[in-house]
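These are my notes from going through one model, entry by entry. I kept to what I could look up.

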Amino acid sequence: MDETMADPEGDEANRDAGTAADGQAPERPGRDAAHLRSRAKPWWRRRKDTLGLDDLMSPAPQPEHRHGTAVRFAAWAGAVAVVALSAGSLVAPGAVAFSAATDSVLDLWEELPGELPLDTALPQHTVLLDKDGREFARFYSENRIDVDLDHVSETFRDTLLSTEDSRFYEHHGVDPMGVTRAMVTNSVGGERQGGSTITQQLVQNILVNNARDETEQSVAVGETYNAKIREAKYAVQLEQRLNKDQILNMYVNAVYFGHRAYGVQAAARIYFNTTADKLNLPQSALLVGLLKGPVYYDPMTYPDRARDRRNTVLNVLQGRGAITPDEAAAARQSGLGLDPGSVPSGCADSDYPFYCDLVRDEILSDPAFGKTQEERADRLSRGGMTLTTAMDRKAMAAAQKAVSKAMGNENRVALGTAVVEPGTGHIAAVVQNRAWGEGKGKTEVVFADSPFQVGSAMKPLVLATALSQGISPRMKLLANGPYYSRLDNPPGGFHNYGNKNYGNIDAYQAVRASVNVYFVRLIERTGVKEVAELAEKLGITTVPTKKLHGKEASLALGSYEISPLEMANAYSTFVSGGVLCRPVTITEGIRSDTGEKIPVPEAGCHQAIDPSVAATVADALKEPFNPAGTLGVLGMPKGRKAGAKTGTTNDFAANWIVGVTPQYATAVWLGDPRGGAQHPLKKVKAYGKTFRDLTGSELAGPVWKDTMEGLHKGLPAEPMPEADPLTSSVAASRSMPDLRGLGVNEAITVLLRDNLVPVIGQKTAKPDPRIGKNVVTKQSAPPGSSLAFRQEVTITLSAGSNTAITVPGQP
């Protein structure tokens with residue numbers, strides 16, 4: 001594939017080279033391909049003249065004959081390629097015994113397909129950028145980093161062209177001189193030469209990765225005569241589709257240099273810890289020499305072989321006049337100059353591994369990157385994407401500082417924090433008090449994206465459901481325990497924390513003190529499934545809504561598992577005017593090679609709940625910071641208003657706090673990842689002291705506050721939403737309908753439509769010949785009276801009616 005061993009001048013230069021010695025040669029000014037082409041009479045034109053192949057090296061001067069000449073030239077070149085291979089194997093099959101002048105060759109040539117699959121890029125990197133455009137991670141299956149030809153050193157380009165394809169800018173994809181020389185060398189038993197041009201080598205690289213059928217796979221391998229002819233056809237067609245610089249650009253990004261380095265940019269990093277634009281002469285000669293055998297000439301394993309191979313390349317450059325004898329001597333005397341670098345791959349190599357893992361999961365799960373799991377995995381593996389994410393380094397630093405300050409990485413108890421931007425769904429930060437990996441103090445589980453029981457942090461969603469149904473937050477309910485609900489009950493009934501009784505209180509007071517009994521009574525009125533359905537509307541996916549029986553009162557107290565990310569995002573709806581967005585990490589994407597925009601996951605922002613409901617919940621969330629509230633001692637973040645709700649699960653299995661400002665929604669989970677029930681928070685060391693029987697306000701609360709203060713540093717203080725007066729009013733805007741005279745089915749429909757509970761009285765009215773069967777004659781709530789949500793209304797039916805009617809939604 002290269003020309004170094006077959007070139008007489010190169011061999012002569014090698015004899016003059018002498019023995020290389022260690023040392024560092026000065027870097028010479030680079031000479032690009034344009035410089036080589038601009039010489040008065042370049043060495044390759046002198047060689048061409050001596051071989052008498054001018055008529056084969058360029059198309060005919062007359063435009064009207066150009067196409068025919070090119071076709072005949074290509075056909076001849078394909079035939080010569082076959083002959084060269086045949087001679088090399090000392091076999092002369094009849095299939096190659098034909099003349100370039102015959103019509104059969106031209107017909108064969110014309111019948112061969114020649115369109116390469118260029119739409120699919122060679123495997124490259126997927127690069128992740130933070131919100132400010134700074135890289136924090138990358139993935140790749142092949143370490144290939146695309147670089148523009150203008151950013152490859154002129155020295156490397158000179159070295160590559162002179163060594164691998166000296167007539168690159170003269171031929172049309174197949175070089176008859178190179179093929180002929182290889183044929184002669186192979187036929188006399190010399191070192192095997194392939195005679196492939198840079199264009200043909202590029203064809204092989206493209207087909208190795210993108211072969212669409214078995215035939216193209218055989219061309220990629222290039223082991224048969226027909227494959228070589230077809231390779232030649234592909235090369236000629238490729239030169240008609242792309243100009244020379246485009247082909248060279250693709251080539252320098254495609255070829256393999258060993259040590260998982262594909263392309264010159266990756267090779268420059270791996271071997272010299274530099275970039276392609278800074279490669280000097282000795283470095284360029286070493287890399288170009290590796291193309292002949294990346295494993296055999298590996299400078300890290302076989303330095304002597306690598307040095308000899310590099311010096312051979314230098315000799316060729318000198319022999320062809322590309323460098324002076326002094327330049328060649330200085331470069332030969334230099335050491336290999338290895339300074340191994342690395343190109344990080346995967347989340348383990350990132351400074352933000354847990355956020356990186358979220359991005360990876362989003363790529364593998366979102367249809368924007370493919371319809372199937374296999375397509376998405378292939379997309380990630382093949383790369384070629386630069387993805388901008390919502391990751392905010394300032395937010396990450398603030399959250400990590402708060403978490404580390406509280407507990408450190410060696411604590412048995414874990415902290416997981418998620419930060420979401422209201423109104424966008426952008427995940428600004430996820431952090432935890434663990435390092436990435438395996439072993440003590442390490443994990444590869446993202447706590448912020450893992451579901452845990454949420455405790456009382458669920459209560460605001462019960463309130464939002466009640467408000468959506470027209471229940472006033474000022475409605476008072478008796479909140480004393482123990483309370484035995486008409487729904488399911490735990491042993492001994494429901495109790496408030498510390499067995500405290502509160503009497504008749506409203507929702508504001510219940511949120512302030514996190515009163516369990518109030519919210520159990522409230523979910524009785526809203527309905528269990530209705531709360532679960534609203535949770536789904538707010539993006540919570542782990543509550544099994546369809547499997548609920550409607551009796552699970554414990555849903556109000558957070559008995560079901562939800563991730564910190566979903567909780568933060570749900571709360572964000574309360575300060576965004578009721579707008580919910582799907583939480584996403586990726587905000588923008590482009591193809592790395594073309595800069596073309598690519599589809600990314602949709603946040604799908606939409607109106608999830610009424611703005612007045614959202615504002616009223618946000619207003620109620622300020623109550624815990626009241627001096628008598630659960631967060632009264634902690635206080636709001638310095639210099640701004642906020643809303644928050646703590647959560648403590650049964651037997652201190654876990655602690656939570658979820659809180660919001662108009663700029664950020666942050667959820668903090670605290671628990672033992674081995675299992676909260678088996679390892680409760682009864683004794684925890686944090687902040688240099690020991691806590692017993694932890695609640696959400698004692699440890700998760702300070703972590704949340706420190707995080708929020710760091711997040712908002714330098715940001716203006718924005719006001720929290722105020723409650724909607726109509727939503728907060730005790731007065732009902734609807735009145736009881738008059739059901740008398742309606743048929744029973746119609747009456748039930750009217751009651752259900754108004755969120756009332758129909759009850760069929762088992763005793764019918766006295767007989768009245770004027771009234772038929774199954775007609776309402778009486779109702780328990782007078783027409784025009786005020787309504788309470790899900791208020792029971794008993795209806796009395798006419799004599800002879802069926803009282804065993806089943807009301808929809810009731811057992």
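**Gly341.** I began with the contacts of Gly341, where contact means heavy atoms within 4.5 Å. Leaving aside neighbours within four places in sequence, Gly341 touches Arg269, Ile270 and Asn273. Gly341 belongs to the loop between helix 16 (325-333) and helix 17; helices (H or I, at least four residues) and strands (E, at least two) are DSSP runs, numbered from the N terminus. I also looked up Ala266, which is 75 residues from Gly341 along the chain; their C-alpha atoms are separated by 9.6 Å.

**Ground rules.** The model is predicted, so I note that local features need pLDDT of at least 70 and side-chain atom pairs count only at pLDDT 80 or more, while totals for chains, interfaces and linings use all residues. Residues are numbered from 1 along each chain as its sequence is written, and side-chain values use heavy atoms, with hydrogens and water left out.

**Whole chain.** I find 28 helices and 24 strands in the protein chain. Of its 811 residues, 56% are buried; buried means under 20% relative accessible area, exposed over 50%, and partly exposed in between (1.4 Å probe, protein chains only). Taking contacts between residues at least 6 apart in sequence, I get 73% that join residues at least 24 apart.

**Cores.** I took a nonpolar core as a set of buried Ala, Val, Leu, Ile, Met, Phe, Trp, Tyr and Cys residues joined through side-chain atoms within 4.5 Å. The largest one has 131 residues, and Tyr355, Tyr518 and Phe574 have the most contacts inside it. Helix 17 (residues 353-365) gives the largest share of this core, 7 residues. Apart from it lies another core, of 49 residues, among them Tyr140, Val203, Ala232 and Leu242. In soluble globular proteins, nonpolar side chains tend to be buried together.

I then listed the contacts of Tyr518 beyond four places in sequence: they include Pro473, Met475, Leu477 and Ala479. Ile505, Asp506, Ala507 and Ala510 are also among them.

**Helix 20 and helix 22.** Two packed helices are described by the angle between their axes and the distance between the axes. For helix 20 and helix 22 (residues 516-526) I have an angle of about 40 degrees and axes 10 Å apart. Axes are lines fitted to C-alpha atoms, for helices over the stretch in contact, and angles run from 0 to 180 degrees between N-to-C directions. Lys459, Val462, Leu463, Thr465 and Ala466 in helix 20 meet Asn516, Phe519, Leu522, Ile523 and Thr526 in helix 22.

**Gln469.** Gln469 sits in the loop between helix 20 (459-468) and strand 11 (477-478). Is Gln469 buried or exposed? Gln469 is buried, at a relative accessible area of 11%. A polar atom of its side chain lies 3.1 Å from the backbone oxygen of Thr526.

**Strand 18.** All 7 of the 7 residues of strand 18 (residues 654-660) are buried, so the strand is largely enclosed by the rest of the structure. I checked both faces: Ala654, Trp656, Val658 and Val660 are buried on one side, and Asn655, Ile657 and Gly659 on the other.

Two strands pair if DSSP finds at least two bridges between them. Strand 17 (residues 643-648) runs antiparallel to strand 18, with 6 bridges between them; Lys645 has Val658 as its bridge partner. The hairpin of these strands has 5 residues between them, and there Asp651 takes a positive phi near 60 degrees. Strand 19 (residues 665-671) pairs with strand 18 over 7 bridges, also in the antiparallel sense, and Ala654 stands opposite Gly671. Here the hairpin has 4 residues between the strands.

**Sheet 22-24-23.** This open sheet of 3 strands has mixed pairing. Strand 22 (757-760) and strand 23 (776-779) stand at the edges, each with a single partner strand, so one side of each is left without a neighbour in the sheet. Strand 22 and strand 24 (residues 792-797) run parallel, joined by 4 bridges.

I noted a cis peptide bond between Gly481 and Pro482, with omega about 0 degrees. Asn499 is not a glycine, yet its phi is positive, about 55 degrees; Asn499 is exposed, at 56% relative accessible area. His259, also not a glycine, has a positive phi of about 50 degrees and is partly exposed, at 35%.

Key
A polar contact is a pair of N or O atoms within 3.5 Å; within protein, one must be able to donate a hydrogen and the other to accept it, and residues adjacent in sequence count only if both atoms are side-chain atoms.
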